[in-house]
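I opened the model and kept notes as I went. Entries follow in the order I looked things up.

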Amino acid sequence: MSQEVHKVGDDYADAIGRTQTTHAVIAADRVEALAATLDLESVPGDTGTVPPGWHWLFFNPFVRRSHLGPDGHPKRGGFLPDVKLPRRMWAGGRLVYHAPLPVGPTVARTSEIANVAVKNGSAGTLVFVTVRHTIAHDGAVCIEEEQDIVYRDAPAPGAAKSRPAPAPESAEWSEPVQPDPVLLFRYSALTSNGHRIHYDQRYVREEEGYPDLVVHGPLIATLLHGLATRSRPQQPLSRFEFRAMAPLFVDRGFHVEAARQENGDGLSLWAKGPDGELTMRAEAAFRP
């Protein structure tokens, strides 16, 4: 997994190459709690390992309340660059699954700032930060991941909103999802995510300009992971790539969908919003 490093301004260039290592106990009760939150009878697959996409339960700092910023995230600076833009979101990522992540032991995640890119366009200034993670147990790599985090300006008052593209009409698998406030609250708690757009209606409307509580991008990606594994129950997932396209909101049902790729043995997946819009797209590959 590699990505070209682009030259950026002095404000962020020194962040590229910064590393940190964190440890987490892969606790069974957290895994079981996510199964209950997703309304599953039990943890899917081998109960001794973490299902694909569920590792996002772990390695998230639960910092002191006085160390939080106004958006509910940890204050800027530290490992991530101190980007002076008010809105922050997880825009997508790429994952390689080398080996199952076992439930029970303490495992290590090594993180590196792989790239910082500043772009200016019709939506204002955007800063893209790519973070590369390697999760290993007993010296063996289980998961490699790149996360794309985007920082952006607050929306201008009265600014026109872009119209999302329509979702594909070629679904071979389709599952409904009803994102109620309890689902968003429990997922925030399980992932130590204090971002107020997922639980504070006044903040999300008045400060970030969304009409209602926003469904977590990693939650949507986790649901797409689940659809991929159910579509190919006999083949372990080897790669998964996703990109957020448009937000989804609480109490507005959506669908996670998939279709076989025309060229190759993988799957194309997407989340289709309540008005048929494309809100996330993904690609999945499997081992033979």
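Where is G78 found? I located G78 in the loop between β2 (49–50) and β3 (87–97). I take helices (H or I, at least four residues) and strands (E, at least two) as DSSP runs, numbered from the N terminus.

Ground rules next. I am reading a predicted model, where local features need pLDDT of at least 70 and side-chain atom pairs count only at pLDDT 80 or more, while totals for chains, interfaces and linings use all residues. Residues are numbered from 1 along each chain as its sequence is written, and side-chain values use heavy atoms, with hydrogens and water left out.

Entry: Is G78 buried or exposed? G78 has a relative accessible area of 62%, so G78 is exposed. My cut-offs: buried is under 20% relative accessible area, exposed is over 50%, and partly exposed is in between (1.4 Å probe, protein chains only). F59 lies in the loop between β2 and β3. F59 counts as buried because its relative accessibility is 10%. I noted a positive phi for F59, near 70°, in a residue other than glycine.

**Entry: D251.** I found D251 in the loop between β9 and β10 (254–260). Its phi is also positive, near 65°, and D251 is not a glycine. D251 counts as partly exposed, at 46% relative accessibility.

**Entry: contacts.** I count a contact when heavy atoms are within 4.5 Å. Setting aside neighbours within four places in sequence, L101 touches I26, G48, T49, V50, H55, V107, I135, C142 and I143. R239 sits in strand β9 (residues 237–244). With the neighbours within four places in sequence left out, R239 is in contact with L95, V96, E283, A284 and A285.

**Entry: helix pair.** Which residues of α2 meet α3? R30, A33, L34, A36 and T37 in α2 meet L183, R186, Y187 and L190 in α3. The contact has 6 nonpolar residues (Ala, Val, Leu, Ile, Met, Phe, Trp, Tyr, Cys and Pro), 2 charged (Asp, Glu, Lys and Arg) and 1 polar (the others, Gly among them).
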